[in-house]
Amino acid sequence: MTKKRKRQEDFQKVKLKVGKKKPKLENATDTTFKTKAIHIPEQLKEDGVLPTQNRKLNIKDLLSQMHHYSPGVKHNALLGLKELLSQYPFVIDAHLSSIISEVAAVFTDKDSSVRGAAVHLLQFLASKIRAEQIAPFFPLVSAHLSSAMTHISEGIQEDSLKVLDVLLEAYPALLTDRSVILLKNFVELISHQQLSKRLKSRDKLSWMLSVSPNRRVTSQQWRLNVLTRLKKFLQAVVDGSSDTEDEGLQEQKDNSNSVRNPICISWKLHANNQQHIQLFESGGLRPKINSSFRLRSLTSVMDSAEKGLSSAENLKGFIEIIIPLLIECWIEASPAQSAPILGNLLESESQQLMQQVLSIIHLLWKLTKRHDETYKMELWLRMNYLVDFKHHFMRHFPYSLQDTVKHKKKEPCKSNRNCMKSSNNIDHLLLNLTLCDIMVSLASTSTLQTDSGWLDMIRKFVTDTLQDGSKLNSKQVNRLLGVTWRLMQIQQNKVATEPLIKAVYTLYQQRNLLFPVRTLLLKFFSRVYQKEDLRTQRIRSRSKVLSRWLAGLPQQLALLGLRNPELSNQLIDIIHSAASRSNKELLQSLQATAARIYDPLEGTLVMLPAEAQRRLVQLVYFLPCLPASLLACLSRCCIMGRMSSDLAATLIGILHMRSSFAGWKCQVQDNSVNDVDYFSFLFSTLIGFSREELTSLQGIRGKPHISQTQLSPIRLYLTDLDQFLHHWAVTEVI
């Protein structure tokens, strides 16, 4: 073989033919691999038996249809979800994450019917899902809600308020945790930012009300809708804060954080130095330390944006933005703009808008009271907003509601006052009371001279409303009494406070008052009395109206009886408090009414429950005099068994302490209990029968409950076991 032939065999070229595969190269990499499928029969079996609705669609099918481009398919999917979840509630827990994410995503859908179906489905889910279940997914819901509230489409903005209503009703605490973002969204719904020429150097943005002609409702109605939701949101913030106080009589409630530990005292052991009482430890109270030092809480490490309205800086910033906008809304709805001839008469829609404006300001004022005095929030509010409030709010005070007169029913109106009736469930009195509450909170004793003009207007309005307040509800009375108390604190002389107390007493004397209203009035008078009693004897000036009210309490207690046990308990507590302070007028009235209160047949003592009986028995200790007739009534109460043997023993012990045999080292309450009457009480109680009953029993013969043996002429009165045990316990005490 020649060299040329050998070289051709080594480097010969392979000829490729059409239709045949290309031979593999010697250095080619094998990329083939084998796979085996993993089969889970149970999972496939479960997927086949998922519950379905009437269209034979399960939860996965319905959720997949939520991404369809057709609004009709998405609408039917939402209706199918509601139908499926109502029939099979356990599906909610299994697919909660997917359901929440898909429903929240259609908050901003372009079709109104889809958004409406989403709101109805969300309302249904809110009744089935607890707050702790939805909490991990709530940031996603809040983000979609914020997107809907700030959407460019007016229809999506209007439907976002419906979503907000559902969430505020079901999950207020979760929603208020994101107050910073939502409050800004509220502002953007009714206004827009504008760079002010005066504030260009400070790089601050001012806000002004916006008008959108494309909305289905008027601008005033739209602002009313937004402010109504803002008021509900702020109310949820106030309710969620533990340090806030209720409106009206705020300082009256005890602090819920203070724990009182009641102790049982045995006076016999205490008198013999066998029981020691530690008042501070047993009372559960803590000493009040006047110090500005505060331990750092866990919330102090958070950013101010995360704190929301709990931060003073955030609260001030929101007040600076929203108050000017609220004043603009007020100006548009004020009587001067709508109809200058009517003066202070308001139309229904204007009154509602003005009410929401004042309610929002009132809630913001309550939030400012949570912060420490170092921020001086009240002084800051007065300096910035008192002038505007006086100019706009107090200009046409007080406000009345203009009732639209129908032509079909022409009724002559004698005066404009008779024509001012509430319509469409509108409370025009609440508007005036909210305004009074806001304005009075800006006044103080040091500013009395400056604020005397508008304070006199408020004082006259409050006095007239109280004197003609027979149809007031509890909410209105609570606001009235709160404003009254604040006015009494600002000007504490008798000339200013006595007309206010007299006006409240006029309302108190009205018949057929509701129980909550009567309770509020009792608490108010009790608070005023305690405040007056704390003053020293040198500067104390007793109110004649307050003394008259105290003197009438025992008679009211005797007349009330068992008709209202709760009200009777409140009366007893107030009487006990005044009697322990030796109030002369009350003790004289209690002495005159004691025979009716402690009557053994129809008296208040034998009708009320055991706890109220115990308080009434304790009142016996404070009576100035214990005559024989009253002791006879008390003896019958002990005998008849209508109060427990322990309470009868307490009564006997109290009478013993009032007698001359108690071992007092000094003379106490001269001639309060006659010795003969005291022994008569003891022996009458020991016998177990009154003189009339003994005479009647001695004349009865042959009755089954009276037996006489042949060995003794003494006749025995047979009693049941309960009566015998009760009388035996009383006998041991005597």
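**View 1. Arg 527 over the face of Trp 485.** In this predicted model, Arg 527 lies over the face of Trp 485, at 3.9 Å from the ring centre.

**View 2. The aromatic pair of Phe 186 and Phe 233.** The structure has 19 aromatic pairs. In the pair shown, the ring centres of Phe 186 and Phe 233 are 5.8 Å apart and the planes meet at 50 degrees, so the pair is tilted. Phe 186 belongs to helix α12 (residues 179-190) and Phe 233 to helix α13 (residues 219-240); the pair links distant parts of the chain, 47 residues apart. Phe 186 is buried at 2% relative accessibility, and Phe 233 is buried at 0%.

**View 3. The stacked pair of Tyr 385 and Phe 389.** The ring centres of Tyr 385 and Phe 389 are 6.1 Å apart, with 20 degrees between the planes. Both residues are in helix α20, and because they are 4 residues apart, about one helical turn separates them. Tyr 385 counts as buried at 7% relative accessibility; Phe 389 is buried at 0%. Ring pairs join Tyr 385 and Phe 389 with Trp 330, Trp 365, Trp 380, Phe 393 and Tyr 399 into a cluster.

**View 4. The second largest cavity.** By class, the lining residues are 3 nonpolar, 2 polar and 2 charged.

Terms used:
Residues are numbered from 1 along each chain as its sequence is written. This is a predicted model: local features need pLDDT of at least 70, side-chain atom pairs count only at pLDDT 80 or more; totals for chains, interfaces and linings use all residues. Side-chain values use heavy atoms; hydrogens and water are left out. Ala, Val, Leu, Ile, Met, Phe, Trp, Tyr, Cys and Pro count as nonpolar, Asp, Glu, Lys and Arg as charged, and the others, Gly among them, as polar. Rings of Phe, Tyr and Trp (its six-membered ring) pair if their centres lie within 6.5 Å; planes under 30 degrees apart count as stacked, over 60 as edge-to-face and the rest as tilted. Helices (H or I, at least four residues) and strands (E, at least two) are DSSP runs, numbered from the N terminus. Buried means under 20% relative accessible area, exposed over 50%, partly exposed in between (1.4 Å probe, protein chains only). A charge sits over a ring if NZ of Lys or CZ of Arg is within 6 Å of the ring centre and within 35 degrees of the ring normal.
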